Amino acid sequence: MIKDVLNSGEQRMKKAIEALKREYSILRAGRATPALLDRVMVDYYGTPTPINQVANISVPEPRMLVIAPWEKSMLHEIEKAIMKSEIELSPNSDGSVVRLAIPQLTEERRIDLVKTVNKKAEEAKVGLRNIRRDANDDIKKMEKSKDITEDEAKKAQDDMQKLIDKYVDEVNKIKTSKEKEIMEV
């Protein structure tokens, strides 16, 4: 029973880490990566569709994305979707592919991005603490209903604390790595 609570908590913590990594992948760090376009939806015959499902996305240079639609008729829709998106890049089309030039980040933009990275890391930590609180509540309920002893409850709470410490450390490592990526010139 305690194992189920701990396993469930750890699974939720892993999902929180994955969510943080996804959030960071779409932050533009001055380097071209297909993940920048993950949230861009193209109108594909009336259905909002992720851009990577209607085109090939490649990175021929460190600051260039090339989007080659599988159907030439999608070229205009891809351009329109990029213009509407929050990535703040201007598409250039040559009639067969769309090119996105990734500009060098200004110092001010880097500082803003680092603030965003820190904010998202803090949100992830709050999520981890909420998971710990839920698990500890479950453990206390089991103790109250005499399903486990006081010592077992204390050990389970200590185990949960060790888990959260491990995942908070992981959040900090991911955050530091993203900050370095953003600040490198």
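The predicted model contains an open sheet of 4 strands in the order β3-β4-β6-β5, paired in antiparallel fashion. Strands here are DSSP runs of E of at least two residues and helices are runs of H or I of at least four, both numbered from the N terminus; two strands pair if DSSP finds at least two bridges between them. At the edges lie β3 (55–61) and β5 (91–93), each of which pairs on one side only. Neighbouring strands of the sheet are turned by 25 degrees against each other on average, direction ignored, where axes are lines fitted to C-alpha atoms (for helices over the stretch in contact) and angles run from 0 to 180 degrees between N-to-C directions.

Within this sheet, strand β4 (residues 64–69) and strand β6 (residues 98–101) run antiparallel and are joined by 4 bridges. Met-64 stands opposite Ala-101 in β6. In general, the strands of a sheet pair through backbone hydrogen bonds, in either a parallel or an antiparallel manner.

Some notes on reading the model are welcome at this point. It is a predicted model, in which local features need pLDDT of at least 70 and side-chain atom pairs count only at pLDDT 80 or more, while totals for chains, interfaces and linings use all residues. Residues are numbered from 1 along each chain as its sequence is written, and side-chain values use heavy atoms, with hydrogens and water left out.

Turning to the whole chain, the secondary structure comes to 4 helices and 6 strands, which follow one another from the N terminus as α-β-β-β-β-α-β-β-α-α. The chain is more spread out than a compact globule, because its radius of gyration is 22 Å, well over the 16 Å that the globule rule gives for 185 residues. This radius is taken over C-alpha atoms, and the rule is 2.2 Å times the number of residues to the power 0.38. Along the principal axes, the C-alpha atoms fill a box of roughly 70 × 40 × 25 Å. Of the 185 residues, 38% count as buried (buried means under 20% relative accessible area, exposed over 50%, partly exposed in between, with a 1.4 Å probe and protein chains only).

Most residues other than glycine have a negative phi. Tyr-45, in the loop between β1 (41–44) and β2 (47–50), has a positive phi of about 50 degrees although it is not a glycine. Tyr-45 is exposed, with a relative accessible area of 61%. Lys-146 sits in the loop between α3 (107–144) and α4 (150–183); Lys-146 is not a glycine, yet has a positive phi of about 65 degrees. At 72% relative accessibility, Lys-146 also counts as exposed.
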